[in-house]
Every structure is written in structure tokens, then in C-alpha cells.
Amino acid sequence: MIEHNHQDTDLLQEVFKGASIGERGAGLMLEKARDGGLSAKLTDYMREYMTIKQEAAQQLADHGQTPTPPGMTERHAQWLGIQLETLMDKTPAHMAEIRMEDNVKNLIKDIEAIKRNHDTSQPTRELAGRLVRLENDSFNAMKTYLS
């Protein structure tokens, strides 16, 4: 077991939650996507979020901690938001816009968590950085679907 650093475990918890939310959001959008290219992108991002989530869980286990998933309220709000946003418009452009808005919100949360927990080990910083890059990459990829 690695020596416990509160900032490491706090940031890893945030990474785990952020990757969980990203994975679930991409999956919920994937259920509604009708465009093959968009579906493929969402699948790729969903897998990468899953990988980051698993790595955060492993690093937390190395610190003797258990990952805390997003709360039920947050999961229900995410599900409801996507259902309502796609009720009348499931076009790739609209779905990309929704993903982009989510990416920006998640980027802000990720960057704030990194700044709050600046005294972390290199593996923790690298994993948090991967999540930030993934959110940014997803944002940029979704731009191609805008009308």
C-alpha cells in the first residue's frame, strides 16, 4: 500500500467521479445516436472514460481507499437531462452540442479539483491530466457535428 496523501485520494476520488459521469453521459447519448460516426466517437470516449475510472479505482485501492461513485441524485439528474434534451431533437448537431456543454462543465470541475489538490504524486497528476485531455478532445471532436 502506498503512503496515504489526502490530496492524492481527494483528487483520485474526483477523477473517479468525473470519469464515471463522462462514461455514463457518453453511454446515454450513445443509446440515442443515429449517426454512425457520432456513435463510433461516443463509443471511443465511453471506453476511455471507463479506462480512466478503472485506473483511478486502482490507485485509490493502492492508497487503501474505496472509490465513491456519483450520488443517486446526480445520476438521475444526468439521465433526466439527457432524456429531456433529446426528446424532440436527436440530430447529431444537437447531440454534439449537449456533449460539448457537458465537456465544458466537466473541464471546469476537473481543473478546480486539480488546483485544490496541487500537492499530489505524479501518477495522480498524470491521471487527472488524462481526464482533462479527454474532456477537451471530446469537446473538439463534437465541433465537427455542429451545423
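How many residues does H5 have, and how far does it reach from its first C-alpha to its last? H5 has 22 residues and reaches 32 Å, close to the 32 Å expected at 1.5 Å a residue; that expected span is 1.5 Å times one less than the number of residues. This is a predicted model, so local features need pLDDT of at least 70 and side-chain atom pairs count only at pLDDT 80 or more, while totals for chains, interfaces and linings use all residues. Residues are numbered from 1 along each chain as its sequence is written, and side-chain values use heavy atoms, with hydrogens and water left out.

**Helix H5**

- A quick word on names: helices (H or I, at least four residues) and strands (E, at least two) are DSSP runs, numbered from the N terminus.
- Buried means under 20% relative accessible area, exposed means over 50%, and partly exposed is in between (1.4 Å probe, protein chains only).
- Take Ser 138, which is found in helix H5 and counts as buried because its relative accessible area is 1%.
- Leaving aside neighbours within four places in sequence, Ser 138 is in contact with Tyr 45, Arg 99 and Asn 103.

**The nonpolar core**

- The largest nonpolar core has 29 residues, and Val 15, Leu 38 and Ile 52 have the most contacts inside it. A core here is a set of buried Ala, Val, Leu, Ile, Met, Phe, Trp, Tyr and Cys residues joined through side-chain atoms within 4.5 Å.
- Helix H1 (6-30), helix H2 (36-62), helix H4 (92-116) and helix H5 (122-143) are the elements that give two or more residues to this core.
- H1 provides the largest share of this core, with eight residues.
- In soluble globular proteins, nonpolar side chains tend to be buried together.
- Not counting residues up to four places away in sequence, Ile 52 touches Val 15, Ala 19, Leu 127, Arg 130, Leu 131 and Leu 134.

**Salt bridges**

- Side chains of opposite charge can pair when their charged atoms come close.
- The count comes to six salt bridges, where a salt bridge is a side-chain nitrogen of Lys or Arg within 4 Å of a carboxyl oxygen of Asp or Glu.
- Glu 48 pairs with Arg 130, the closest N and O atoms being 3.0 Å apart. Glu 48 sits in helix H2 and Arg 130 in helix H5, so this pair ties together parts that are 82 residues apart in sequence.
- Arg 130 also forms a salt bridge with Glu 55, and here the closest N and O atoms are 2.5 Å apart. This pair links distant parts of the chain, with Arg 130 in helix H5 and Glu 55 in helix H2, 75 residues apart.
- Put together, Glu 48, Glu 55 and Arg 130 are linked in a network of salt bridges.
- Are these three buried or partly exposed? Glu 48 is partly exposed at 29% relative accessibility, Arg 130 is partly exposed at 25%, and Glu 55 is partly exposed at 30%.
- Glu 74 forms a salt bridge with Lys 109, their closest N and O atoms being 4.0 Å apart. Glu 74 is in helix H3 and Lys 109 in helix H4, so the pair ties together parts 35 residues apart in sequence.
- Glu 74 is partly exposed at 35%, and Lys 109 is partly exposed at 46%.
- The C-alpha atoms of Lys 109 and Gln 122, 13 residues apart along the chain, are separated by 20 Å.

**Ile 98 in helix H4**

- Ile 98 has its place in helix H4 and counts as buried because its relative accessibility is 5%.
- Ile 98 touches Met 29, Glu 85 and Thr 86, not counting residues up to four places away in sequence.
- The C-alpha atoms of Ile 98 and Gly 25 are separated by 9.9 Å, although the two are 73 residues apart along the chain.

Key. Contact = heavy atoms within 4.5 Å.
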